[in-house]
Amino acid sequence: MNVSEAIRLRRSIRRYRDKQISSQDMKKIIEAGTYAPNAGCGQRTVICGIRNKALVEQLGKLNLSRFDRSRLVGSFVSREQPSAIDDPSIKNGFYGAPSVCVIFSPDNFLYSVPDAFCCAENMILSAYELGISSCIVARAEETFDNPLGHSLLKQWNIPEHYVPRCFVTLGYAAGDYPAPKARKDGRCIIIE
């Protein structure tokens, strides 16, 4: 498989089997994140991998607890892999994934968010290459903005000036792997 194939074939998965990924695979996925493009090659992101299923479930529920639907643009994501946007009955923002990675980056740094999401992109492509399903999930800051979240950040030795930017869910897809959606016209412009 080459990078172009992985980019075209990988899908965001929101239905997971009850099967944990290996520690070795998680380490490979996290390592891929450390090679992501980042501002000035500052390598500022910190990635925390969590394989404790109960903690992943607890954080997934916290992730949706303050979900603000009023800020959405559009209201439909997928029939095959519905999101919390599609189905308000979904109560876990990690969709039952057995593992999740949290990506942190410095607060008040101009390129903090882009660095974190570039890291997440590398991770999901690496996961796909390993046969592991994934999804990038936002709302990280809100997930940890509570007493439990603050306590976990201290336990994990996350530097005080770092904030959670996004998550990468990891596991194995339940059901059929989704087909690609057609690409929307008018999104590519080349000026010569």
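Helices (H or I, at least four residues) and strands (E, at least two) are DSSP runs, numbered from the N terminus. The structure shown is a predicted model, in which local features need pLDDT of at least 70 and side-chain atom pairs count only at pLDDT 80 or more, while totals for chains, interfaces and linings use all residues. Residues are numbered from 1 along each chain as its sequence is written, and side-chain values use heavy atoms, with hydrogens and water left out.

**Figure 1. Helix H4 and the residue that follows it.** Helix H4 covers residues 112-129. Its 18 residues should span 26 Å at 1.5 Å a residue, and the 26 Å between its end C-alpha atoms agrees with this; the expected span is 1.5 Å times one less than the number of residues. Buried residues (under 20% relative accessible area; exposed is over 50% and partly exposed lies in between, with a 1.4 Å probe and protein chains only) include Ser112, Asp115, Ala116, Cys119 and Ala120 of H4. Met123, Ile124, Leu125, Ser126, Ala127 and Tyr128 of H4 are also buried. The buried residues of H4 pack against helix H1 (3-9), helix H2 (23-34), strand S1 (46-50), strand S2 (99-106), strand S3 (133-137) and strand S4, where contact means heavy atoms within 4.5 Å. After H4 comes Gly131, with a positive phi near 80 degrees.

**Figure 2. Aromatic rings around Phe144.** Rings of Phe, Tyr and Trp (its six-membered ring) pair if their centres lie within 6.5 Å; planes under 30 degrees apart count as stacked, over 60 as edge-to-face and the rest as tilted. The count by this rule is six aromatic pairs. One of them joins Phe144 and Trp156 edge-to-face, with 5.9 Å from centre to centre and 70 degrees between the planes. This pair links distant parts of the chain, 12 residues apart: Phe144 belongs to helix H5 (residues 140-144), and Trp156 to the loop between helix H6 (147-155) and strand S4 (162-171). Phe144 is buried at a relative accessible area of 2%, whereas Trp156 is partly exposed at 21%. The rings of Phe144 and Phe167 are stacked, because their centres are 6.2 Å apart and their planes meet at 25 degrees. Phe167 is buried, with 0% relative accessibility. Ring pairs join Phe94, Phe104, Phe144, Trp156 and Phe167 into a cluster.

**Figure 3. The nonpolar cores.** A nonpolar core is a set of buried Ala, Val, Leu, Ile, Met, Phe, Trp, Tyr and Cys residues joined through side-chain atoms within 4.5 Å. The largest has 27 residues, of which Ile50, Leu59, Phe94, Phe104, Phe144 and Phe167 touch the most other members. Two or more residues of this core come from each of S1, helix H3 (53-65), S2, S3, H5, H6 and S4. H3 gives the largest share, four residues. Apart from this core lies another, of 19 residues, among them Met26, Cys101, Ile103 and Cys166.

**Figure 4. Surroundings of Phe104 and Val163.** Leaving aside residues up to four places away in sequence, Phe104 touches residues including Arg44, Val46, Leu153, Trp156, Tyr162 and Val163. Val163 is situated in strand S4 and is buried at 15% relative accessibility. A separation of 9.5 Å lies between the C-alpha atoms of Val163 and Asn108, which are 55 residues apart along the chain.

**Figure 5. Cysteines without a disulfide.** A disulfide is a pair of cysteine sulfur atoms within 2.5 Å; the whole structure has zero. The closest cysteine sulfur to that of Cys41 belongs to Cys118, at 12 Å, which is too far for a bond. For Cys188 the closest is again in Cys118, at 18 Å, also too far for a bond. Cys41 is exposed at a relative accessible area of 53%, and Cys188 is exposed at 74%.

**Figure 6. Positive phi in two loops.** Most residues other than glycine have a negative phi. Cys41, in the loop between H2 and S1, has a positive phi of about 55 degrees although it is not a glycine. Asn157 lies in the loop between H6 and S4 and has a positive phi near 60 degrees. Asn157 is exposed, at 66% relative accessibility.
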